[in-house]
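Here is a short report on one protein chain.

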Amino acid sequence: MAIGEVFLGAFVTVLLERLASRELLKFLRPLGIDAQLKKWRRTLLMIKAVLTDAENKQTRNEAVKEWLNDLEDLAYDLDDLVDKLNTEALQRKLMETDEESTSQVQKLFSTFSNNFSIRDFISESGINSELQEINERLEDLAQQISMLSLVMNVKGSSDKTGERLQLTSVVEQSEVHGREKDKEDILKMLLEVESSDSPVSVIPIVGMGGIGKTTLAQLVYNDDRLKGEFDLTAWACVSDEFDAFRITKIILEKVSGSCDYTDLDMLQVKLKESLSKKRFLVVLDDVWNEKYGDWDILRRPFLAGEPGSKIIVTTRNENVAKIMSRIPAYHLSLLSDNDALSLLDDMLKDNLQYKISEKVRHLSFISHYYKFYDRFSSVNSFQSLRTFLPLSIYRLRGMYLPRRVLLDVVPNLYRVRDLSLSGYRIYELPSSIGDLRHLRYFNLSRTPLKLLPESVSKLCNLQVLILKGCNRLSKLPARMDKLINLRHLNISATSKLCELSEGIARLTSLQTLSKLIVSKSSGLKINELRDFSLLKGEISIEELQHVVYVQEATDARLTNKPSLNKIRLEWSSTFDDSRNEILELDLRRFYIRRCPKLVSLPTFLFPSLCELSVEKCNEVVLNSMHNLTSLTQLKLVKIYGLRSVVELFEQFPLKLENFEIDDCEDLVTLWPSENIVQRPVNLQKVSVKRCPKLLSIQKIGVIGSLHVDNCASLALLPDNISSCRDLTIMECPSLKMMTSLEDCSTSLERLYIRDWVNLNLTNLMGSFHNYSSLTRLIICDCDGLESFPQGGLPIPNLRVLEINGCRNLRSLPDRMEQLLSLENLNVQDCPSLTEFFHQRNIPQGGLPIPNLRHLSINGCRNLRSLPDRMEQLLSLQNLYVVDCPSLTESFNIPPSLKSLYLYNCGVKPLGELDMHKHTSLESFYLNNVYPDLVSFSNDNDQHYLLPPSLKTLDLCNLPNLETLSKGFQNLSSLRHLILWDCPKLVALPMKDQLYNLQSLRITNCPLLKKRCLRNEGDYWSIIADIPEVQIDDRFIQDPESCP
């Protein structure tokens, strides 16, 4: 059955149920409209009965196809009308509930008024005309059934789609996304798989309809790598009817030319002759047949082929694959999220107003940090839009959406069901959001909203409200109880939300309530959880200090909610009592934080426990733990009285894989040498921090990662680090090595050394040539390091070298040309560094590192020059020269540079840098370099100082800069402009440049700020539509902080 038929049939089924709603019919009965709905239902039943026949005929009959399209349009419009009537009925029911406490006279008047207002609503809202239009369209569709010769579904009729469009081998490869790996997998099977007992191998590709099986076969069939591999190739679309004569004839015509045979026997004889001793590739596309006998007849001529011949079969049915091949089927899965979203964005990019029909009902788009109003302005014409969803390839936060989209576009999405503004920097919602009466799903997660407008409580159809990560949210609407259809309320990670309104207690159909803040006064109480029997997933119960009586907690009946699998209990950090602060319960994970008086735990937790985290507790809590047979992750932070980890547990968790211990002042040893038997054998990662009395971490077994930090008494590292891949040693002044690091020279990938006073790299590492896996070397705050070993650091695969805070270092390693893999060189805060290399070690040609991509020189205040011939660093993309005031000798800019950052350093005059020629440069940061600069133009306005490729320009501390209106005309690519500490700056670039900006930041520029004031400055009308504007660190989109 085709996907369209399944969808439309299901949609009609739902409509039939909604038209039969007793409450809706009762609501409409006083107006006589209920009879109309009953009539529609009977007509829809008749239409539904011929849907399968219509789907089967649409590929052959254009009129039937148009009939189905009209039916789909009508179904949507009818659903909107029914939803509008249901919503009105629901809102009136809510009004009646509010009036229950009124007097009898008032109730009588209210009933009369209600009946009267229903008629007014039907008349004034245009529903009468909608009823008439729907009725005419439905009758017209019903009348066409006989004209189109559509017949009712009968028992035993085929669920298949009849005569489908025959797909060919032709494909436009540029339009295919996300099938590169699948293509390579099939090609590998074609070139490698051989059958031991048959000259031909059948490779089935199995997957659901529409997933891309045919497209994948087309990509493989047309791949240039198959040319020369096969003598003959042929493509045949099989489809529903497995006609051996038709298929054989198609293949014969492909391999030998035209044929006029009318007999299957003659066809197969000729095909066998054509394939004899030939290596061939045949594709049988869209096979449905499950009869082995039919396949056995078709395949007989193929057996004459040369060994290595292949047949690719595409099918939805696993049984078909098993019948046709002994090779396991290749199961084609859905596109990855990234590929699917990329495909969608390519379809939508810059084409909203041109290619999308005004009847579009579902609109999604890739989330980016900046959105322009023009991209959304055409959405107002999409009157039938039901879905408005940004889709994130990456988890973005703080994206910018023009305020006009909220004011002019979103409120006009009258029919929208699903709306997401997740991750956008939205500070307030318009009250008109309450007019989106059809809304079911509303995602506002990770937005800086402080409040929701009270009009949100009018969204009586709302089922899902997501406010996760709204860390400024302090209050929910007062009448949340009106959201009677709400099923999921996610308010996790909302630290400023301190109370839930008591009306939420009436939303007993909630399935998700991520957080309950126990109220001290009038808000939701913990015992009111008793009626939330459908809760599932996770819940955090906070402010438990407000629970006065134990019975209140007992009445919550948490144990009677079997679908709840994680409960987090939290007391206020300011609450001075013996009770715990945070307990987090999970069948596999257990977290205890700041519970100094806790002495025992339920024993049922232990056997299934995989992860245990304990912070600021007494060791007695852990002493009682036993049977930790599944524990693989253990984190201990500030455990009072802890002296030895192995003695902490009655039965030590021997399956431990990751172990972290931090801030345990009394810890002396991890595993005493006499307890070798109790050492965990699967341990991979060990981290030990801030344990001042720890003497040794020997006997911990073979590990892959070791992090030791701020252990003042530690004298010995483990005796076996031969498999260590990641080693960090920080602030361990008493440390002595049991052996040099040569034990792990072939496995070590990352080495980070910090605060090692007497560091001697030669003694520590031995021969640098042996470190074949080392890609990252970081040396920080090692004042004893004055120079590197003679001969440099010949580490063959080193990609990152960082040297930071080595105050006595006088030069960088010599023989830098040996570092052929080096991509990132970072030198920071080395005040004794006056030159890159000793005079005797200056390499020929400057800095001969061919693959260097990132070079950062920061805080080397006595450095006089950079290496010669910087322009020969052809791979360099990022250059940072920061706070090097002694730098007097200028340098040339490498040709491939994309980012240049200059701060407080000596360089050539801007006009002599020839920056306008560097058309690869995209980002330029200039701070405290040209104090006399007035503008970016020379005497000749046609000679530009900056390259047209710039996308980001950051100008800071230019005390005499007055204008940006000159010299910017060529910056057509500029998207981000940042201006700091320019007291005389009065003019921004021309309007054309401002309209293209995605972000504008202005700080400590008082003259410019005056021209940008909200509704006052002459620049306001221009900058108001820039997605992100900050003035003196305040967002203009935030009404509370806007200047």
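A residue counts as buried when its relative accessible area is under 20%. Cysteine 982 is therefore buried, at 0% relative accessibility. Keep in mind that this is a predicted model.

**The chain as a whole**

The protein chain has 1043 residues, and buried residues make up 50% of them. Its secondary structure comes to 23 helices and 36 strands. The accessible surface is about 48,300 Å². Carbon and sulfur atoms account for 48% of that surface. Take the contacts between residues at least 6 apart in sequence: 58% of these join residues at least 24 apart.

**Cysteines**

How many disulfides does the structure hold? The count is zero. A disulfide needs two cysteine sulfur atoms within 2.5 Å. Two cysteines show how that cut-off applies. For cysteine 982, the closest cysteine sulfur is in cysteine 1005, 4.6 Å away, so it is too far for a bond. For cysteine 830, the closest is in cysteine 860, at 5.0 Å, and this is again too far. Cysteine 830 is also buried, with a relative accessible area of 0%.

**Aromatic pairs**

There are seven aromatic pairs. Two of them are set out here.

| Pair | Centre to centre | Angle between planes | Type |
|---|---|---|---|
| Phenylalanine 11 and tyrosine 76 | 5.0 Å | 70° | edge-to-face |
| Phenylalanine 280 and phenylalanine 302 | 5.8 Å | 40° | tilted |

Phenylalanine 11 sits in helix α1 (residues 3-19) and tyrosine 76 in helix α5 (residues 62-98). The two are 65 residues apart, so this pair links distant parts of the chain. Both phenylalanine 11 and tyrosine 76 are buried.

Phenylalanine 280 belongs to strand β3 (residues 280-287). Its partner, phenylalanine 302, is in the loop between α12 (292-299) and β4 (309-315). The pair therefore ties together parts that are 22 residues apart in sequence. Phenylalanine 280 and phenylalanine 302 are both buried.

Elsewhere, Tyr880, Tyr901 and Tyr925 form one aromatic cluster.

**Helix α7**

Helix α7 covers residues 127-147, 21 residues in total. From first C-alpha to last it reaches 31 Å, close to the 30 Å expected at 1.5 Å a residue. Which residues of α7 are buried? They are Ile127, Leu131, Ile134, Asn135, Leu138, Leu141, Ala142, Gln144 and Ile145. An α-helix has 3.6 residues a turn, so residues three or four places apart point the same way. Just after α7, serine 149 takes a positive phi of about 60°.

**Nonpolar cores**

In soluble globular proteins, nonpolar side chains tend to be buried together. The largest nonpolar core here has 142 residues. Those with the most contacts inside it are Leu636, Phe659, Ile661, Leu902, Phe924 and Leu979. Leaving out residues up to four places away in sequence, isoleucine 661 touches Leu636, Leu642, Val645, Leu667, Leu670, Ser687, Val688 and Lys689. Another core lies apart from the largest one. This other core has 65 residues, among them Leu385, Leu452, Val518 and Val547.

**A glycine in a loop**

Is glycine 911 buried, partly exposed or exposed? Glycine 911 is partly exposed, with a relative accessible area of 36%. Its place is in the loop between β30 (899-905) and β31 (923-927). The C-alpha atoms of glycine 911 and tyrosine 944 are separated by 8.9 Å. Along the chain, glycine 911 and tyrosine 944 are 33 residues apart.

Definitions and conventions
Residues are numbered from 1 along each chain as its sequence is written. This is a predicted model: local features need pLDDT of at least 70, side-chain atom pairs count only at pLDDT 80 or more; totals for chains, interfaces and linings use all residues. Side-chain values use heavy atoms; hydrogens and water are left out. Helices (H or I, at least four residues) and strands (E, at least two) are DSSP runs, numbered from the N terminus. Buried means under 20% relative accessible area, exposed over 50%, partly exposed in between (1.4 Å probe, protein chains only). Rings of Phe, Tyr and Trp (its six-membered ring) pair if their centres lie within 6.5 Å; planes under 30 degrees apart count as stacked, over 60 as edge-to-face and the rest as tilted. The expected span of a helix is 1.5 Å times one less than its number of residues. A nonpolar core is a set of buried Ala, Val, Leu, Ile, Met, Phe, Trp, Tyr and Cys residues joined through side-chain atoms within 4.5 Å. Contact means heavy atoms within 4.5 Å. Accessible areas come from the Shrake-Rupley method with a 1.4 Å probe; for residues, only the protein chains shown count as cover.
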